[in-house]
Amino acid sequence: MSRFYSLLLLSFFYCAWSTAQIDYGIDFPNRSNRAAQCNYFEQAFQNKSKETSFVIQRVNNKLFFETTDERWFKQLFKNAKDGVAVDIVSKSRYDCDTPAISSQIKGKLLAPVYASELKRGLKPHEQNRYRVAVGEIPISMLKNDLEFNILFLNNNRLCKYYTIFNLASYPWDLLDMGVYLDSITYSNEKITSLQEQSVTQYKTLKFVIPFEKNKSVYDPSDIKPLYDSLRLTDFNIKTIDIKAYASVEGSEQRNTALQKERGNSIAASLQTFQTPQIQTKITTAENWVEFFNDIRSTPHADFQKLSKKQIKSALTGTTASALEPILAKHRKAVVTLQLDKIDIYKDQSINNLTFLFNEKIATNQIEEARIIQNSLLEKIKETGSPDAIEKIEIPNESKYVDLRGKNYMYQYLMDKRQTLIVYNKMKALESMAPNNSRIQYNLVVLKFIIWRNDASPVDHEQFKKQIKNLHNYGFKAHLIDRMLVNYYIVRAEQEMRLRNYKAKDQNVFNILGIYNNVPLTDRDYLSLAQFLTYYAQSGEATRLLEPRAKEITIDEDLLFYYLNLTLIDKKLTETDAYRNIMLNAVNLNKQRYCELFNPSLEDGVTFQLLEDDYLKKSYCENCVGTD
């Protein structure tokens, strides 16, 4: 699982006040009166910058209000009775056998802390944060799973009630632009289908093998046509990732066993076509996602409202026969192959390869030298010996610029600290071959790294023209648009550091206008969605990910990031389509799904999601074992 850090988002909702609490004299206005009575607070929150955040932090039994904006905090509390109070909520409120309770205060309400004490107690804490003590957890609750909601009071009147959602968030990077070696080569794995051309330039291939009912054993001849169509004579398979899916009828135990047999059969068949051992990963799941998608237009659409156990009981006899054409499509394996090009020089040492390369150059056998160079550079990269590149002798002539350029770009790939040095070497090559497309592409890639890391001054307007000018070297529009997305990412980061929020927003909007033109991998989706969320565009991040989230083959990290963004939206969680997405998450990683409902300060989103009837039903069915 990718490393992640916490991003805190906030949600407002209003319910009926529970009279069972000590209210500390707080006025709880009804919905119709609240807007007029809380007008000042409403304006203060509307005018709050998107970059301002706040949260309740726990240190042992003490609670602190933290914010990133000292000025906004002090301006918010004007009157003596303006303040905050903490509602301590226990997860036991959401036990599966406990009926839902509708109340404004969900747990133990602590005494309010008012303006003078808040302003006097607010102190700097860590980088760009401020905190003030707002209460202590009662001893009787210390062993419970707890969360801490915030009441914002204006003249001792409740105006805002916040639940804090802890959304898992990933560091983003620029979209992978690759480097131009013999072709554009990406560091991220690229996935393509059997129908796409030029598959051999990709490192990873994905395909689907259907199963007949109850069939698990494969003959090698069932797989051989795949090899022929993929033209794998030049490749070995390094790894196999098999996701085996069973149709949902029958016992889960039998389905799991059958899927494992299917996965092992595929792996064994693929292994017979090569000697090197293939590293294999097999995961199994019942195909609930496509089942619910496909029954919507059938007389059995009401199955979507039933539990898994009820559906399995119903899928017998004539019902199972009627749905067999649908169920037959759900028995399959999604197989992902990571390929390594067969290297005829694999067993040669770096010294021998260097000698052979220099010999081919001396006799002007450039094509054979290129093949040896590829093997040599990969071996140098594997051993982590960049100094060996300097021993490769390439004449400083225009006909050898591609070979020299490849050496330089490997230096960059092996050590990003060499970026500026490699850039200057590539500029020297440009003077020899100014119209060489590989050189022009790689210069832009290198300049991105220099620019983003402030390694040397870059005129951003001239750089944008340089990016767009790649069109004149034959590069397709989607490659240039991918670079322009990265251009606006860097510009947004720069403006954010300068607190030029309007200019930052404009660069984000520029990204929104062009990313649809760019083919994205799941890693690209994740990085771009995280960027948008960080810059207060979570709605756009959701729209970006939604089509991909509905596909059963989605990457696990990407799916869970989508859930983190959307679980707090009850309009979505009520839909059948969202149920299918959640079932896919359960299939991919049930433990990770269940952990979404852990306390927000313990890496969950929030257990208060269980206020939602459907989410509670899903949690209890999949995580607690009840139906």
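A disulfide, for this talk, is a pair of cysteine sulfur atoms within 2.5 Å. Hi everyone, and please keep in mind that the model on the screen is predicted.

With that cut-off, the count comes to three disulfides. Let me start towards the end of the chain. Which hand does the disulfide of Cys594 and Cys623 have? The torsion about its S-S bond is about -90°, so the disulfide is left-handed. As for its two ends, Cys594 counts as buried at 15% relative accessibility, while Cys623 is partly exposed at 25%.

Helix α24 (residues 613–624) also holds Cys620, which pairs with Cys96 in the loop between β4 and β5, so parts 524 residues apart in sequence are tied together. Cys620 is buried, at 7% relative accessibility, and Cys96 is partly exposed, at 28%.

The remaining bond joins Cys38 to Cys159, with 2.0 Å from S to S. Cys38 sits in the loop between α1 and α2, and Cys159 in strand β10 (residues 157–169), 121 residues away. Both of these cysteines are buried. Counting bonded cysteines along the chain, the pattern reads 1-3, 2-5, 4-6.

Now to strand β4, residues 83–90. How many of its eight residues are buried? Eight of the eight are, so the strand is largely enclosed by the rest of the structure. On one face we have Gly83, Ala85, Asp87 and Val89, and on the other Val84, Val86, Ile88 and Ser90. As a reminder, side chains in a regular strand alternate between the two faces of the sheet.

And what does β4 pair with? Strand β9 (residues 146–154) runs antiparallel to β4 and is joined to it by eight bridges, with Asp87 opposite Asn149. β4 also pairs in the antiparallel sense with β6, over two bridges, and with β5, again over two bridges.

Last, the aromatics. The whole structure has 34 aromatic pairs. One of them is Phe45 with Phe54, edge-to-face, 6.3 Å centre to centre and 85° between the planes. Phe45 is buried at 8% relative accessibility, and Phe54 at 1%. Both rings belong to a cluster linked by ring pairs, including Tyr40, Trp72 and Tyr162. Elsewhere, the charged end of Arg262 sits over the ring of Phe211, 4.5 Å from its centre.

Key
Residues numbered from 1 in each chain as written. Predicted model: local features only at pLDDT ≥ 70, side-chain atom pairs only at ≥ 80, totals over all residues. Heavy atoms only, no water. Phe/Tyr/Trp six-rings, centres within 6.5 Å; stacked < 30°, edge-to-face > 60°. Buried < 20%, exposed > 50% of the residue type's maximum accessible area, 1.4 Å probe, protein only. Lys NZ or Arg CZ within 6 Å of the ring centre and 35° of its normal. Helix = DSSP H or I, 4+ residues; strand = E, 2+ residues; numbered from the N terminus. Pairing = 2+ DSSP bridges.
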